[in-house]
Amino acid sequence: MLESIYYVLSWVCRRACPHCYDERFQPYPAPEAARLAEESRAVFPQVVRHLPETMVYTDLEDRTDDGTFRQKPGRIILSGGEVLLEPVRTRVLYPLLEMLHDRYRNHGGVRLVIQTAGDLLTADIVAELLKRQVWMISVSSIDEFHILPGGLDHDQYTQRLAQLFEAAGMRRSGLQAASRKWTDEDGPAYSFFGATPDAWIGKLWPSGRAWANGLSTARYQDNFCNAWSGGLNFLNVGFSGSEVAIDPDGNLYPCCRKTRLAYGNLCEEALLDILRSLTGRPEFESITCGHPERMGLAHGVGVEEFVALCRITDPAGRSFVNPCIGCDRIHDRFLGPVLAGLRERRRRGRPA
């Protein structure tokens, strides 16, 4: 029912990269890392229970000769933090992969994607992932912000990992990481990407350490909402382009950067129930259409005022203007009561 779900399993990471969009991604002392892993282990069965019964979606960009559209299995991207760190890998990632495969294998299937910095990969770990039906391993550290092991440059690093993948029978993806055509390729596959200037995240989301360090170069016209991994099409349930993001605590968001407020929690209620309750509300329809400048219209905030709300001085003292800032402020000012009301109506079983 969705083309893509981006599920962050844990805040535990090997690094505290200066460009990261969430300050909670960082190294933790071993006892704290173990506690966070156990929290994720307790949460993920509840999240899976509230996922759609099928991940098959209709691809509106792939029409058959008779005028109908092909149906394809969606993907679930499992990310962190670093999902290959112990104890997340064995206590959370492996059992979650098995649970997801079991849930969808008789319901149209699902493409399982692992996102990792890559430096923990070994032949044994790749084999364990493939044994659990992983369709793609996507290495996300090919940029200037990640310090690669052994003093390797990007070419040396990707070549070393490519040899590891191909020895396991994997093939390199011919598509860009942000492409919505991954399901047109056969797996198991591997890919590389990073926060490079040519990538969809290259200008960096204005949040987390990227914001605190004054690293985002986004301008007003860099509308992250109107792109893959932004809020674009998040309400197009059942059709191509639909994607949502889930945090380790089960909170649901329309974009990977995350809106200021969660739209629901998958420990408590079904993903599709949450999305259906948002459908038709102008605040959320503007996000799914990629036009956040219109999300305040129902509350008396016109486009001109929204643009003014997008203006701020960043921690580096620079004048900064981007729709993500305006979106944050609309959520802060108006959407708390709206989301609370919708949640209460869902709880009571009333139409939203």
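Me: Lys258, buried or exposed?
Reply: Lys258 is buried in this predicted model. Its relative accessible area is 10%, and the cut-off for buried is under 20%.

Me: Where is Lys258 found?
Reply: Lys258 sits in the loop between β10 and β11.

Me: What about the phi of Lys258?
Reply: The phi of Lys258 is positive, about 85°, although Lys258 is not a glycine. Most residues other than glycine have a negative phi.

Me: And Asn233, what is its phi?
Reply: Asn233 also has a positive phi, about 70°, and is not a glycine. Asn233 belongs to the loop between α5 (208-212) and β9. With 17% relative accessibility, Asn233 counts as buried.

Me: Moving to omega. Which residues does a cis peptide bond join, with omega about 20°?
Reply: That cis bond joins Gly80 and Gly81. Gly81 is in the loop between β4 (75-79) and α2 (88-104).

Me: And which residues have the cis bond with omega about 5°?
Reply: Glu86 and Pro87 are joined by that cis peptide bond. Pro87 is placed in the loop between β4 and α2. Most peptide bonds are trans.

Me: Change of topic. How many residues of α6 are buried?
Reply: Six of the eight residues of helix α6 (residues 271-278) are buried, so the helix is mostly covered.

Me: Which ones in α6 are buried?
Reply: The buried residues in α6 are Leu271, Leu272, Ile274, Leu275, Ser277 and Leu278.

Me: What covers the buried residues of α6?
Reply: The cover includes the strands β1 (4-8), β9 (243-246), β10 (251-253) and β11 (264-265). The helices α7 (282-288) and α9 (323-348) are also among the covering elements. Just after α6, Gly280 has a positive phi of about 95°.

Me: Next, aromatics. How many aromatic pairs does the count come to?
Reply: The count is nine aromatic pairs. In one of them, the ring centres of Trp11 and Phe25 are 4.9 Å apart and the planes are at 55°, so this pair is tilted. Trp11 and Phe25 are both in the loop between β1 and α1 (30-49), 14 residues apart.

Me: Trp11 and Phe25, buried or exposed?
Reply: Trp11 counts as buried at 11% relative accessibility, and Phe25 counts as buried at 3%.

Me: Which residues form one aromatic cluster with Trp11?
Reply: Trp11 forms one aromatic cluster with Tyr21, Phe25 and Trp205.

Me: Now β2. What does Thr58 touch?
Reply: Leaving out residues up to four places away in sequence, Thr58 touches Phe69, Arg70, Gln71, Gly238, Phe239 and Ser240. Thr58 is in strand β2 (residues 56-63) and is buried, with a relative accessible area of 16%.

Me: And Tyr57, where does it lie?
Reply: Tyr57 lies in strand β2 too, and is buried with a relative accessible area of 1%. The C-alpha atoms of Tyr57 and Gly241 are separated by 9.5 Å, and these residues are 184 apart along the chain.

Me: Last, the whole protein. How many helices and strands?
Reply: The protein has nine helices and 13 strands. Its radius of gyration is 20 Å, close to the 20 Å that the globule rule gives for 352 residues, so the protein is as compact as a globular protein of that length.

Me: What share of the 352 residues count as buried?
Reply: Buried residues make up 56% of the 352. The accessible surface is about 15200 Å², and 49% of that belongs to carbon and sulfur atoms.

Methods:
Residues numbered from 1 in each chain as written. Predicted model: local features only at pLDDT ≥ 70, side-chain atom pairs only at ≥ 80, totals over all residues. Heavy atoms only, no water. Helix = DSSP H or I, 4+ residues; strand = E, 2+ residues; numbered from the N terminus. Rg over C-alpha atoms; globule rule 2.2 N^0.38 Å. Buried < 20%, exposed > 50% of the residue type's maximum accessible area, 1.4 Å probe, protein only. Areas by Shrake-Rupley, 256 points an atom, 1.4 Å probe, with all protein chains shown as cover. Contact = heavy atoms within 4.5 Å. Phe/Tyr/Trp six-rings, centres within 6.5 Å; stacked < 30°, edge-to-face > 60°.
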